[in-house]
Amino acid sequence: MAAASGKGGVVIVYIAGGVTFSEMRAVYELADQLNREIYIGSTHVITPRGFLDDLKSLHLEMLT
């Protein structure tokens, strides 16, 4: 990513509850398009396996 131009400041995006790889990629692409520094943070990274495990545990909780 190129250095930010003089237009505006740094953008910080924080997602409570987890961020996916595709969301991180979207922020990276947006930063490149806007020639801005955008930082993304979260409580944790949601992996595909972790997402499926969360769905499984939610389903099991609903059955009991």
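What percentage of the 64 residues of the chain count as buried? The figure is 8%, where buried means under 20% relative accessible area, exposed over 50% and partly exposed in between (1.4 Å probe, protein chains only).

Before you click, note that this is a predicted model: local features need pLDDT of at least 70, side-chain atom pairs count only at pLDDT 80 or more, and totals for chains, interfaces and linings use all residues. Residues are numbered from 1 along each chain as its sequence is written, and side-chain values use heavy atoms, with hydrogens and water left out.

**Whole chain**

Show the cartoon. Follow the sequence and the pattern reads β-β-α-β-β-α. These elements are DSSP runs, numbered from the N terminus: helices are H or I with at least four residues, strands are E with at least two.

**Stop 1: S42**

Select S42. It sits in strand β3, residues 38-42. S42 is partly exposed because its relative accessibility is 22%. Zoom in on the S42 side chain. One of its polar atoms lies 2.6 Å from the backbone oxygen of I15. The S42 side chain also reaches the backbone nitrogen of V19, at 3.3 Å.

**Stop 2: helix α1**

Select R25 and E29. Their side chains meet in a salt bridge (3.0 Å, N to O). A salt bridge is a side-chain nitrogen of Lys or Arg within 4 Å of a carboxyl oxygen of Asp or Glu. Helix α1 covers residues 21-34, and R25 and E29 are four residues apart in it, so about one helical turn separates them.

**Stop 3: helix α2**

Move to R49 and D53. Here is another salt bridge, at 4.0 Å, N to O. Both residues lie in helix α2, four residues apart, about one turn of the helix. D53, at 39%, counts as partly exposed. The count comes to two salt bridges.

**Stop 4: L52**

Stay in helix α2, residues 48-63, and select L52. L52 is partly exposed, with a relative accessible area of 49%.

Key
A polar contact is a pair of N or O atoms within 3.5 Å; within protein, one must be able to donate a hydrogen and the other to accept it, and residues adjacent in sequence count only if both atoms are side-chain atoms.
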